[in-house]
Structures are given as C-alpha cells and as structure tokens.
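Subject: Structure for your review

Dear colleague,

Here is the structure I said I would pass on. My notes on it follow below.

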Amino acid sequence: MRKIPPLDGAYWLLLISATVFGETGGDLLSQGMGAGYLMGTAVFLSLFAVAVGLQLTLKTEHPLLYWAVIITTSTSGTTLSDYVTRTLHLGYGGGVLLMAAGLGAVLAAWRLGRHELRADGAVPMPTEALYWTGILAASTLGTAFGDLVANASGLGFAGSTLLLAVLLAAVALSQRFVTRQRELVYWAAIVIVHPFGATAGDYLSKPDGLALGPYQASALLGAVFLAALAGSGAARRLARLRKTAEPQ
C-alpha cells in the first residue's frame, strides 16, 4: 500500500534532480519554444492533473508515476511563478508573498487536519491530495523565491545556488537530531529544494550562468534524473534480494 517512497538519500537525490530538471523544462516550453508563461502553465497543469489523478486513484506504489507527478509539479510551478511575477507584474517580492500565503494555508490545513506521512508510506487519499497540493505550492513559491534571491542578493545564480545548497544541507543535518518534528523538517527541506532547483537550473541554462540554453540543460538534467532513478531502482532490488537471501 506504499504511495510515498522512503525518504532516504536516494529520494532526496531524485527530488533535487527532478526539481532542477523541472525548472529548465518549464523554461524550455514557455521561453525556448515561445509558448509563453500562460500557455506553458496550462499545458503543465493539465499534465499534473492527469498524473496526480492516476496517483490518487491507484492503490499501490508506482515509482515512475510518483516521479512523473513530481516533475509536473516542478514544471507547473516554474511557469506559474513566472506568469505571476512577470506577466501579471507582481514582481519577485509580491509573488513570493502571495505564494508563501498559499503554501502557509496548505500547511495550516495539514496541521489542523492532523495529516501525517507514515513511515510505511501508506497514506489515505485526503492526505495524499493535500500532500500534492503542498508540493505544487512549494514548487511555485520556490521558483519565485529563487529568482528573488538571485536578483536581490547580488549573488547571481551561482552564488545563490551555493547559498541554498548550504541551507539545504543544514536542514538535512538537523534531521539527525530532530525526533518529534520530522514532518516539519521534511516540509522545510521541500521549501528549500525548489528555490535551489530554480537557481541551479537558471545557472545551467541562462546567459549569465553556463549558458547551456533550455534545450541542452533539459537534456542533460533529464539524463541525470533517469540515471538516478535507474540507480535507485537497482539499489532497492539488490536490497530486496539480500533480504530474501538472509537466513530466517
């Protein structure tokens, strides 16, 4: 009945690579292909709705589907954030405040509804639906916040990526010492992962970074994500084989 994968090192590697890929993938459609932020948002939100609908309907774990939903939340968050901050002219500060309020509402509903991520990954449909709403809200906020940090701090994409990587590592390290508020640490890490993905993706693709462009950056990051997914699957199969081979 597992629906949420184990929150181990492989999970965070996959989440980071999927998030960075989502940033460049969103830019690929909205900017590289000239679809615009509104059309890009409509396309990716439609894909997200289909993927999350399947994820909620199915009763057992399907890792490929789970990561498909993650990628569609990241691409949707990228284009939606750019639409709000640029097309609607709210700016990075206004966009961050609006999206932070949205994520805060989701987390408040999570807390008040006593939802939780169980260690065995089995979650009821209302919890999972709210979980994916939170992931989408965090992705949208992350893109705007990443852009705000990169532009307002003067650090640029490279410096901002490094700063967010240090912050993410600090949150990950705190998980070793936090025993009663692990979900709070998880959501804090989710919030930081997305601006990290935004600045890292921009650093790879933008002219004031490595200037790979959205096509090459997306292809590179897609390959990294698929390699990480294949490696994670192989490690899990090996672990199962070792467990069955152990004497009872």
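A salt bridge here is a side-chain nitrogen of Lys or Arg within 4 Å of a carboxyl oxygen of Asp or Glu. Please bear in mind that this is a predicted model. By that rule there are three salt bridges.

One of them pairs K206 with D27, with 3.7 Å between the closest N and O atoms. This pair connects distant parts of the chain, since K206 lies in the loop between α7 and α8 and D27 in helix α1, 179 residues apart. Buried means under 20% relative accessible area, so K206 counts as buried at 16%, and D27 is buried at 3%.

R86 takes part in a salt bridge with D82 (3.8 Å, N to O) and in another with D147 (3.7 Å, N to O). Through these shared partners, D82, R86 and D147 form one network. D82 and R86 are four residues apart in helix α3, which means a separation of about one helical turn. D82 is buried, with a relative accessible area of 1%, whereas R86 is partly exposed at 29%.

On helix α1 (residues 9-32): its 24 residues should span 34 Å at 1.5 Å a residue, and the end C-alpha atoms are 33 Å apart, which agrees. Of those 24 residues, 17 are buried. G34, which follows α1, has a positive phi near 70 degrees.

Helix α7 gives the most, three residues.

Regards

Methods
Residues numbered from 1 in each chain as written. Predicted model: local features only at pLDDT ≥ 70, side-chain atom pairs only at ≥ 80, totals over all residues. Heavy atoms only, no water. Helix = DSSP H or I, 4+ residues; strand = E, 2+ residues; numbered from the N terminus. Expected span 1.5 Å × (residues − 1). Buried < 20%, exposed > 50% of the residue type's maximum accessible area, 1.4 Å probe, protein only.
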